[in-house]
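This briefing concerns a single protein chain. Please consult the sequence and the three-dimensional structure shown below before reading the points that follow.

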Amino acid sequence: MHHAAPALPIDRQLEAILMIADEPQSLVALGAAVGAPVPAVRQAIERLVADFDGVDGTIRRGFELREVGGGWRFYVRQELDDVVELFVEAERPSRLSQAALETLAVVAYKQPITRSQIASIRAVNVDGVVRTLVARGLIEESFTDAETGAINYVTSDLLLQQLGINSLDELPLISPLLDDGADGFGQNEGIPDGRA
């Protein structure tokens with residue numbers, strides 16, 4: 001693994017990693033990413049939290065660095081939820097893109113499912129699409145995996161309403177739509193999850 005040049009302060013390196021991470025990151029994982037011992041990472045995280053919170057005369061940011069489920073991740077400050085919600089509503093297109101529809105189908109047939117599992121099935125990065133589907137209320141976070149910290153997604157009641165069905169059991173079988181059905185969305189097929 002490449003380690004960043006020592007000239008870059010650990011705080012800035014951690015900030016950059018956390019900016020793109022979509023799952024909470026443990027101190028151990030962050031330490032491995034920047035080539036620093038856990039105590040140094042913990043101190044750097046504490047400095048970042050204080051900096052973003054406006055301690056010692058810095059500007060209190062619209063986001064915060066919060067520890068959730070044994071890992072660290074950026075979150076919007078609660079008092080700004082309404083502003084973000086208005087923005088998301090205004091940005092919301094009336095129709096779903098093809099990528100969103102495909103991702104929604106994967107979640108519907110394979111739930112509960114993590115972003116990385118969706119990405120491995122669709123063979124593309126799905127972070128933006130998953131955020132869009134969550135923002136539109138069609139999928140929701142169900143639980144966080146205790147071991148990996150990965151968020152598992154499921155379809156929402158709103159999706160059932162939009163589809164005009166009472167339960168997922170009413171979704172059509174997907175097997176007949178595939179070439180031979182053999183390599184279809186079987187319960188445990190085609191989801192690399194890191195286990196042998």
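At roughly what angle do the axes of α1 and helix α3 (residues 38-53) cross? They cross at roughly 75 degrees and come within 9 Å, axes being lines fitted to C-alpha atoms, for helices over the stretch in contact, with angles running from 0 to 180 degrees between N-to-C directions. The model is predicted, so local features need pLDDT of at least 70 and side-chain atom pairs count only at pLDDT 80 or more, whereas totals for chains, interfaces and linings use all residues. Residues are numbered from 1 along each chain as its sequence is written, and side-chain values use heavy atoms, with hydrogens and water left out.

**Overall architecture**

- The chain contains 8 helices and 5 strands; these are DSSP runs numbered from the N terminus, helices being H or I of at least four residues and strands E of at least two.
- In sequence order, the elements follow the pattern α-α-α-β-β-α-α-β-α-α-β-β-α.
- Of the 196 residues in the chain, 34% are buried (buried means under 20% relative accessible area, exposed over 50% and partly exposed in between, with a 1.4 Å probe and protein chains only).
- Among contacts (heavy atoms within 4.5 Å) between residues at least 6 apart in sequence, 48% join residues at least 24 apart.

**Packing of α1 with α3**

- Helices α1 and α3 are therefore roughly perpendicular to each other; the class covers 65 to 115 degrees, while angles under 35 degrees count as roughly parallel, over 145 as roughly antiparallel and the rest as oblique.
- On the α1 side, the contact is made by Ile10, Asp11, Arg12, Leu14, Glu15 and Leu18; α3 contributes Ala40, Val41, Ala44, Ile45, Arg47, Leu48, Asp51 and Phe52.
- By class, the residues of the contact of α1 with α3 comprise 9 nonpolar, no polar and 5 charged (Ala, Val, Leu, Ile, Met, Phe, Trp, Tyr, Cys and Pro count as nonpolar, Asp, Glu, Lys and Arg as charged, and the others, Gly among them, as polar).

**Packing of α1 with α2**

- Helix α1 (residues 10-20) and helix α2 (residues 27-34) have axes that come within 10 Å and cross at roughly 115 degrees.
- This angle makes α1 roughly perpendicular to α2.
- Ile10, Gln13, Leu14, Ile17 and Leu18 of α1 meet Leu30, Ala33 and Val34 of α2 in this contact.
- The contact of α1 with α2 has 7 nonpolar, 1 polar and no charged residues.

**Glutamine 111**

- Glutamine 111 lies in the loop between α5 (98-110) and β3 (113-114), and counts as buried because its relative accessibility is 17%.
- A polar atom of the glutamine 111 side chain lies 2.6 Å from the backbone nitrogen of threonine 155.
- The backbone oxygen of alanine 108 lies 3.3 Å from a polar atom of the side chain of glutamine 111.
- Beyond its neighbours within four places in sequence, glutamine 111 is in contact with Val106, Tyr153, Val154, Thr155 and Leu168.

- Glutamate 67 belongs to strand β1 (residues 63-68) and is partly exposed, with a relative accessible area of 49%.
- The C-alpha atoms of glutamate 67 and valine 49 are separated by 10.0 Å, with the two residues 18 apart along the chain.
- Threonine 132 belongs to helix α7 (residues 127-135) and is partly exposed at 32% relative accessible area.
- A separation of 7.9 Å lies between the C-alpha atoms of threonine 132 and alanine 100, which are 32 residues apart along the chain.

Key: Polar contact = N/O pair within 3.5 Å; in protein donor to acceptor, adjacent residues only side chain to side chain.
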